[in-house]
Amino acid sequence: MKFKELKLNKNILKALAEAGYEQPTPIQEQSIPSVLEGRDLLGCAQTGTGKTCAFSVPIIQRLDEDAGRGIRALILTPTRELALQIYENVCQYARYMPVTAAVIFGGVSQVPQVEAIERGADILIATPGRLWDLMGQKIVKLNKVETFVLDEADRMLDMGFFPDVKRIVKQLPAKRQTLLFSATIPNEIADLAESMLKNRSRYRSRRPRVRSRRSSSRSTSLRRRRSARCCPRSSAGRTCIRRSSLPAPSTARTASRATSTARAS
């Protein structure tokens, strides 16, 4: 299969070609049509499978028709390194589309991040702590979010970010598209998925194995060694996806000043 068979905008296809993308990975092939249709999705996938492209490309396309209405897509990720990587990927995919993006994370001054938000962003990539802080300052408003992505959910759990994640989720509109990605599915993440993903019509290549809390709290090095067995014994080319149907938000047009060029994770 080629990317053009996924019914993507010609400008997105141009950006993908320039970045060296030729054929979609399994998770991209399975996820992009579902996200374009406005479905909820639970994806079990490791880093390196192309999941950033799998969720960001269809989000960019869905936001293509209505720009300048505030933050309409939120991508929540556990670390600043991953937030920056996703931001660079989004900028690459959207370089020929009218879609704006901003990234916020802790450990640095918030001033330039606030300025970027105030200039306008359709897609916000954020770490939980900095996002919650700026929400408390009334700088970030999420009342217009149409698509919410929770990336690396198991790492969020292991790093102790789940309380912030749950508080942030409560501030999102009830009617939204939700995409949840995790290398493994501990009980806490399975429960969160059950509460966020509504009216599911399922698709799955293999069923993810549910881990106990005791298992999920082991050392990071042990978790990383075992994470390769996700879904179970999944490889970079094998993913486990469940998708559920939600009323698709109206296809909207957005604007992008994104200019960075970076390869998808």
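Which residue lies over the face of Tyr 96? Lys 14 does, at 4.3 Å from the ring centre, where a charge sits over a ring if NZ of Lys or CZ of Arg is within 6 Å of the ring centre and within 35 degrees of the ring normal. Arg 167 lies over the face of Trp 132, at 5.3 Å from the ring centre. This is a predicted model, in which local features need pLDDT of at least 70 and side-chain atom pairs count only at pLDDT 80 or more, while totals for chains, interfaces and linings use all residues. Residues are numbered from 1 along each chain as its sequence is written, and side-chain values use heavy atoms, with hydrogens and water left out.

Three aromatic pairs are found in the whole structure, a pair being rings of Phe, Tyr or Trp (its six-membered ring) with centres within 6.5 Å, called stacked if the planes are under 30 degrees apart, edge-to-face if over 60 and tilted otherwise. The rings of Phe 3 and Tyr 21 have centres 6.1 Å apart and planes at 75 degrees, so this pair is edge-to-face. For Phe 55 and Phe 181 the centres are 5.4 Å apart and the planes at 45 degrees, so that pair is tilted.
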